[in-house]
Amino acid sequence: MASEKHEWSGWRTAAERALYGAGGFYRRPEGPAGHFRTSVHASPLFARAVAELLGRVDEALGRPAELALVDLGAGRGELLTRVLALAPGLPHGLGRRLRPYAVERAERPTGLDRRIAWLDAPPDGCAGLLFANEWLDNVPVDIAETDEDGVPRRVEVDLTSGDGTERLGDPVNGEDAAWLARWWPLAGAEPGLRAEIGHPRETAWARAVGSLRAGFAVAVDYAHERAARPPFGTLTGFREGREVRPVPDGSRDLTAHVAMDACAAAAGPGSGLLTQREALRALGLDARRPPLALASTDPTAYVHALSAAGEVAELTDPAGLGAFTWLLHTVDLPHDPLRP
């Protein structure tokens with residue numbers, strides 16, 4: 001009887017194909033919004049906070065004739081669409097000077113605002129704000145796991161099984177081993193511990209920051225730092241609003257949290273880290289309930305204010321979206337716009 005055939009691959013290659021290859025998850029016309037909910041989808045107040053940050057960057061740059069807003073990992077353009085809706089109210093004629101760029105590997109959505117340029121890579125030489133919301137976690141990485149002797153080996157996934165079956169491959173070496181030694185040490189650890197080898201994300205982030213001539217770059221993601229790496233990694237899948245087993249078949253999102261301290265170091269001087277809770281508070285989002293007296297003097301305003309407070313509470317919840325890390329990087333700016 002013939003043995004069953006298997007096609008084994010490292011997770012970086014498998015996820016690249018499943019997410020961005022022909023028919024991949026992020027290439028599908030419907031986009032990822034039906035499968036998971038980001039801060040952009042949770043509330044229009046997130047876009048309002050980004051618009052506030054954009055205004056601060058504009059001031060720091062001296063109100064240039066053109067100001068770029070680069071949305072890296074733009075989905076179907078939801079964030080830019082919401083910011084453009086606010087454009088007429090932006091100060092100092094910023095709405096007229098704004099140049100929005102959506103960076104995404106899918107095809108341009110039908111009906112997207114014509115003012116939005118649709119690109120597959122960040123434009124070079126812009127001045128403005130580059131914003132990457134839940135993008136770095138979808139830059140594919142390889143996974144290492146310690147064997148019974150404490151040797152980190154590359155985890156391979158069976159592309160033919162349809163259920164994400166894994167095995168341990170060769171020992172990790174070269175650039176991957178050097179990265180583990182610096183950022184996520186595994187050598188000699190107990191069997192079964194895992195690490196996600198993050199240098200492709202560092203390269204991607206450094207390249208994105210380097211595309212700016214001047215301005216501010218922000219990456220927002222679930223993250224961890226060297227002192228508290230998750231012992232078994234974070235690779236998972238999302239489909240139709242539920243967390244599911246990671247299987248590289250193109251039917252689901254594949255995501256892993258980001259070693260954000262390593263990305264900060266790769267981008268060089270000018271980097272900093274905040275929680276989303278801290279960042280949105282610095283941008284003026286307030287989750288406090290409106291005064292009860294407003295309910296009697298202006299019931300409509302009270303209901304609107306109460307609804308907004310609830311939305312801010314969700315965006316800043318330290319057990320939820322508020323736990324995101326914001327990686328900040330200034331490029332030829334006199335100060336960090338989030339730390340005036």
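Tutor: Gladly, and let us begin with L61, which lies in the loop between α3 and β2. Helices here are DSSP runs of H or I with at least four residues, strands are runs of E with at least two, and both are numbered from the N terminus. This is a predicted model, in which local features need pLDDT of at least 70 and side-chain atom pairs count only at pLDDT 80 or more, while totals for chains, interfaces and linings use all residues. Residues are numbered from 1 along each chain as its sequence is written, and side-chain values use heavy atoms, with hydrogens and water left out.

Student: Why is L61 called partly exposed?

Tutor: The label follows from relative accessible area: under 20% is buried, over 50% is exposed, and anything in between is partly exposed (1.4 Å probe, protein chains only). L61 has 22%, so it counts as partly exposed.

Student: Which residues is L61 in contact with, leaving aside its neighbours within four places in sequence?

Tutor: Contact means heavy atoms within 4.5 Å. By that rule, L61 is in contact with L67, A127, G128, A214, G215 and L333, once those neighbours are left aside. L333 is 272 residues away from L61 along the chain, yet their C-alpha atoms are separated by 6.9 Å.

Student: What about R63, where does it lie?

Tutor: R63 is also placed in the loop between α3 and β2 (67-72). Its relative accessibility is 39%, so R63 counts as partly exposed.

Student: What makes the phi of R63 worth a remark?

Tutor: Most residues other than glycine have a negative phi. R63 is not a glycine, and its phi is positive at about 55°. E134 is another residue other than glycine with a positive phi, near 50°. E134 sits in the loop between β5 (126-133) and β6 (142-146), and at 16% relative accessibility it counts as buried.

Student: Why is V331 called buried?

Tutor: Its relative accessible area is 14%, so V331 is buried. V331 belongs to strand β17 (residues 325-331). Leaving aside neighbours within four places in sequence, V331 is in contact with V209, L212, R213, A214 and G215.

Student: Why does T234 count as buried?

Tutor: T234 has a relative accessibility of 15%, so it counts as buried. It is found in the loop between β11 (223-224) and β12 (236-239). Not counting residues up to four places away in sequence, T234 touches E196, T255, A256 and H257.

Student: And why does A309 count as buried?

Tutor: A309 has 5% relative accessibility, so it counts as buried. Helix α11 (residues 299-316) holds A309. From A309 to L285 there are 24 residues in sequence and 8.5 Å in space, C-alpha to C-alpha.

Student: Which residues are buried in helix α1?

Tutor: In α1 (residues 11-20), W11, A14, A15, A18, L19 and Y20 are buried. Their cover includes β1 (8-10), β6, β7 (152-158), β8 (166-171) and β14 (253-255).

Student: What makes a set of residues a nonpolar core?

Tutor: The set must consist of buried Ala, Val, Leu, Ile, Met, Phe, Trp, Tyr and Cys residues joined through side-chain atoms within 4.5 Å. The largest such core has 45 residues, and those with the most contacts inside it are F46, L53, F131, F216, V218, W326 and L338. Helix α3 (residues 44-60) gives the most to this core, with 10 residues. Another core lies apart from it, with 25 residues including A68, V103, W205 and L327.

Student: Which residues does F216 touch, not counting those up to four places away in sequence?

Tutor: F216 touches residues that include L53, V57, L129, L130, L328, L333 and L338.

Student: How does the radius of gyration of the chain compare with that of a compact globule?

Tutor: The radius is taken over C-alpha atoms, and the globule rule is 2.2 Å times the number of residues to the power 0.38. With 340 residues, that rule gives a value near 20 Å; the chain has 21 Å, so the two agree. Buried residues make up 53% of the 340 residues, and the chain contains 11 helices and 17 strands.
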